[in-house]
Amino acid sequence: MAPVNLKYAKTHEWLSLNGDVGTIGISDFAVKELTDLVYMGLPNVGKTLNIGEVFGEIESVKAVSDLYAPVSGEVIEVNSNLPNDLDLLSKDAFGKGWLIKIRLSNPGEAASLLDAAAYERECAAGH
Amino acid sequence: MRNRQATNLLFELSQLGRRAARYPACDVPARSLAEMLPTELLAEQSPDLPELTEPDVIRHFTNLSTLNMSVDTHFYPLGSCTMKYNPKRHERLASLPGLIDLHPYQDEASQQGMLAILFELQEMLGEIAGLPAVSLQPAAGAHGEMTALLTAAAYFQDRGEQRTKVLFPQSAHGTNPASAAIAGFECVQLKGRADGFVDLDELRDNLDDKTAVFMITNPNTLGLFERDIAKIAHLLHDVGGLVYIDGANMNAILGITRPGDFGGDMMHYNVHKTFTGPHGSGGPGAGPIAVRDFLANYLPGPIVSRTQSGGADRFQLTTPPKSIGRVRSQFGNVGILLRGYLYLRTLGADGLKAVSEQAVLNANYLRAKLADVLPVPHGERCMHEFVASAEKSKSERGITALDIAKRLLDFGYYAPTVYFPQIVQEALMIEPTETESQQTLDAFADTIRTILNESSEFLHNAPHDTPISRPDEVKAGRQLVLRWKR
Amino acid sequence: MLKTVGVKSVDELFDQIPRELRLDRPLHLPPPLSEIELEAHLRDLASQNVGASGRVSFLGGGIYDHFVPAAVDAIAGRSEFYTAYTPYQAEASQGSLQAFFEYQTLICELTGMDVSNASLYEGASAMVEAVLMAMRVTQRRGKVVVLGSVHPEYRDTLTTYVRHLGCEIIVVPTPHGTADPSDVARQIDDRTAAVIVQHPNFFGCLESPREIFTVAKQRGALSISVFDPISLGVLRRPAEDGADIAVAEGQSLGIPLQYGGPYLGILACRQEFVRQMPGRLVGETVDRHGKRCFVLTLGTREQHIRRERATSNVCTNQGLLALRATVYLSLLGPRGLHEVAELSCQKSHYAAEQLAEVSGLELAFGGPFFKEFVVRSRGNAAEVARRARTAGFDIGPALNRFPALAVEFGSSANEWLLVAVTESRTKNQIDNLANALRK
């Protein structure tokens, strides 16, 4: 179940807003699809991201997926626990498995993201 | 008999002070190293290599070898890889003095016999392809792809054409786009039709004056001949583009049809597949390319050319006038090319055609024997290989393609290629090659039936009788251990 | 079999190939030969060549007549290694996988680097793969700095590969056989993806890799070392010189000359770049019973998954050659490698001294060298090589064989000849060569 307090991108990233700081992760739906995660590549603090830009990648044994910035902004924190403990993602994708925090440069962009119900419809439709 | 205990690493077997190779005492007036080499460049100590006797080394590697399946020991129906028998005569002949001990920088007068072989091989490969200009330089199939694409790029550049796109079907080998990227092209992937063939409308929609090359494997990765190949070639040629034939599946069409005759402008061979270069646990290969005459001037050098003086042939190494330059050092993987030469000289034209006929017959025979349990979703018959689906056994009994592949190992068969191409669910890509007997194919088909009657739970844990059980690939990927450490 | 398939003839099997595309004549190929005829034919052709068993070889230029112990051939000829394919099915391929894991470990020990892949085609393309890797790591594509003393065929290969990638190749001249580190430093800027140093270099001379690599590091470029595996029996390892990626031609490690290949491309690097590496990698893991075993790993870098964004288009390793190198290094051990290196060094220095005393010959460059050196003949180098051949010796290659050197060194290249001396040569052979050239 996708938490209702979050916003979602069709590409399976979620966004939690706190003022102009956004926390970004990926949904447990996406984590389950990938299975057998082996590696997570995340950006450095200070990197500026544009909406839709690739900011990292996540690899399983047999597949690799890009991660896309759901909004624009500057990376201010990276979840440093994650690369060494990928199980955080499968156990708690919407909590301890968060990926990065960014300071939004254009908070208006968040409005274009999906709510939980719309995101679940997307997943059910097989996207 | 397999020695299952013998899996210690070299480094664990090492004992201080042991050694195998011994070298003669220095017979020239010896100096200290510091006299010859600047001390600031010297190593403090020799690298920490294992210390072993020759018997240690031989037993270690001999025991390791018994943990492998191979063509000489097992049926190896690995689709797309053409795992045929490698004749032993090739080994003796390729090791003759005068061949094995030739240095690439010798003077040309002392390598005329070798150059004659390589020249004749160029001619034969040109004839089999129907494409007259050949470069033997590429070291493997993917290397050949890249070389041909660089050759095409040079040709277009020379004509002042700005062509930026390389197209290929979704089912293409992954090396196709990877090679195109190195050659600086933008990659355009076509979806193709549901039956795996190229969709002519889709292709037409994607062609324009930016199109450089369409890369296609024919027969395709489903083991089917692309019926529309001539139309495809016309479409490409109409917009000024070129057609590249990935020659991975040449074993199906030797002497039957030729890439140059069905519209291809460039192709590569996999000598290690089609012409019996040993696979060597992953290499070496040789990936010579053949191209149309208008591309010949752009090929990498050196190429062997022939002149005649006083009635005798003289061979020399030449570089084409507008050559793209080298794609590697030295001439090429001559040791493998030599085996290809020996194979072609053994077979001749009729023998070579018979190879494809038997390969296609064997594949169709096995396909028919398995049709009721492992149906083939595409095509009524196949060429040299077929892609069966375990979808039925998966839905009915929970037995997947991977289960079948793994369980086959227990019965002494190497596994077919699985889950490729992705167009087929639960794909098993099976290529028996011409060197397998009907008895082997029958036994293999019986084994598949046996496996499909086993319990799915038992199969999920297969293999049971191999030196190791299924390895933990997630652990390997998460905690990278890529070398032994003390 | 036809009946089972449901066709009347073999010809019918090919129905899916349109008639008009079929070849309606036999291929024009020479007639088939029986094994007896084939052997006679090949022996005849082989006898028209003169290899290292026919003339005493002092040939070099990256490929050397180092001794290959018989045990290497015995293992590499094992059918189970020889006729297996890429170890996709780990359960039935532990022999190859463990051998490649051992290979990777040996290359790490040899170079001091953290990780080695399971091998590439050969030296030149391995060097280019290192450059492409450096571009990905540094995110710089503008410029590559390469010393003029790097093997000319390697430099030619680099030019071919990067031509369409918008990359400028700066060649730092080495008129006296080696580069002046300050000349190299001047060329390295914030657009530079990589600096390439071959050491010992193509002329046999020793460069100053540490000085050059220090500057590269300061300016954010990667340092690529092209090394001679045998030299590491006496010379400092690439990692200690500050190399980020170390590449080599591995032919010296138990691989026969065989006129140009197949050889062995070695590539090793620092741990932090492992995900940008090209080529196959073998990793350790456990099976379901907890038993140690080996698998191909980091497959997501490769073409079948990442397609045009793969780290390389290379999809095999040189398995059999990597195996040869593994057996070779196991047989030598640390002392054997040191002895091969030291003997080659001693004998080449003796040979240089003897040849320098021959009237009309001198050493082209004064600096230190490892196992090969350039002699200059006032007059024509090709003539010297011809006289050597007449007496049963092969020396060379003549440097004017390489178009790049003919351009960079002008007519001097006509006077220069490489001479390589391995542990296999004897004092007698060296003395006889010098005597033959005195006449």
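Predicted model: local features only at pLDDT ≥ 70, side-chain atom pairs only at ≥ 80, totals over all residues.

**Notes on the model**

1. In chain B, strand β8 (residues 303-309) and strand β9 (residues 312-318) run antiparallel and are joined by seven bridges, where strands are DSSP runs of E of at least two residues, helices are runs of H or I of at least four, both numbered from the N terminus, and two strands pair if DSSP finds at least two bridges between them. Arg306(B) stands opposite Phe315(B) in β9(B). The two strands, β8(B) and β9(B), form a hairpin with two residues between them, and Gly310(B) in the turn has a positive phi of about 60°.

2. Residues are numbered from 1 along each chain as its sequence is written, and chains are lettered from A and ligands numbered from 1 in the order in which they are written.

3. A further sheet in chain B is open and has three strands in the order β10-β12-β11, with antiparallel pairing. Its edge strands, each pairing on one side only, are β10 (386-389) and β11 (417-418) of chain B. Four bridges join β10(B) to strand β12 (residues 427-430) of chain B, and within this pair Phe386(B) stands opposite Ile430(B) in β12(B).

4. Taken as a whole, chain B has 16 helices and 12 strands. Its radius of gyration, taken over C-alpha atoms, is 25 Å, close to the 23 Å that the globule rule gives for 486 residues, so chain B is as compact as a globular protein of that length; the rule is 2.2 Å times the number of residues to the power 0.38. The C-alpha trace of chain B spans about 75 × 65 × 45 Å along its principal axes.

5. The domain assignment of chain B, whose bounds come from an automatic or database assignment, gives domain 1 (10-65), domain 2 (90-348) and domain 3 (349-460). The C-alpha centres of domain 1 and domain 2 of chain B lie 42 Å apart.

6. Between chains B and C, 160 residues of chain B are in contact with 161 residues of chain C, a contact being two residues whose C-beta atoms, placed from the backbone, lie within 7 Å. Helix α11 (residues 334-370) of chain B gives the most to the side of chain B that touches chain C, with 20 residues.

7. Which residues touch the most other members of the largest nonpolar core? Of its 317 residues, they are Met127(C), Val131(C) and Ile224(C); such a core is a set of buried Ala, Val, Leu, Ile, Met, Phe, Trp, Tyr and Cys residues joined through C-beta atoms within 7 Å. Leaving aside residues up to four places away in sequence, Met127(C) touches Tyr154(C), Leu158(C), Ile196(C), Ile224(C), Val226(C) and Val247(C).

8. Phe273(C) is found in the loop between β8 (265-269) and β9 (282-286) of chain C. With 19 C-beta neighbours inside 10 Å, Phe273(C) counts as partly exposed, since a residue is buried if 20 or more other C-beta atoms lie within 10 Å of its own, exposed if 12 or fewer, and partly exposed in between. Phe273(C) touches Met133(C), Val137(C) and Asp244(C), not counting residues up to four places away in sequence.
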